[in-house]
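Work through the following exercises with the coordinates open, and settle each one before reading its solution.

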Amino acid sequence: MRNLNLINARKNKNLTQAELAKILKCVTKAAISNWETGYSKPRLEVAMAVSKILEKDVVFLFGYDVQESCTRKLA
């Protein structure tokens, strides 16, 4: 399912997928495309960075369905 909140927030900032990827530095245009098409979700840290850049709440952009932090300590 397409993530229209993410697509519209990015377009409202006049950013292409490639430009957003360049700002984030740690992701590719393909990754952003995958988030927008609903094929995958970003890690929490990346979702928070996108939220800050687009000035929208993480939950608004991605819901509660983001990947767990890769820096989370294992029990």
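**Exercise 1.** Determine whether Trp-35 is buried or exposed in this predicted model.

*Solution.* The relative accessible area of Trp-35 is 5%. Since a residue counts as buried under 20%, Trp-35 is buried.

**Exercise 2.** Find which other residues of helix H3 (residues 29-37) are buried, and where they lie around the axis.

*Solution.* Besides Trp-35, the buried residues of H3 are Ala-31, Ile-32 and Glu-36. Just after H3, Gly-38 adopts a positive phi of about 85°.

**Exercise 3.** Search the whole structure for aromatic pairs and classify the geometry of what is found.

*Solution.* The search returns one aromatic pair. The ring centres of Trp-35 and Phe-62 are 6.1 Å apart and the planes stand at 90°, which is over the 60 degrees required, so the pair is edge-to-face. The pair links distant parts of the chain, with Trp-35 in helix H3 and Phe-62 in helix H5, 27 residues apart. Phe-62 is likewise buried, at 4% relative accessibility.

**Exercise 4.** State how many helices and strands the chain has, and what share of its residues is buried.

*Solution.* The chain has five helices and zero strands, and buried residues make up 33% of its 75 residues.

Technical notes: Residues numbered from 1 in each chain as written. Predicted model: local features only at pLDDT ≥ 70, side-chain atom pairs only at ≥ 80, totals over all residues. Heavy atoms only, no water. Helix = DSSP H or I, 4+ residues; strand = E, 2+ residues; numbered from the N terminus. Buried < 20%, exposed > 50% of the residue type's maximum accessible area, 1.4 Å probe, protein only. Arc of directions from axis to C-beta. Phe/Tyr/Trp six-rings, centres within 6.5 Å; stacked < 30°, edge-to-face > 60°.
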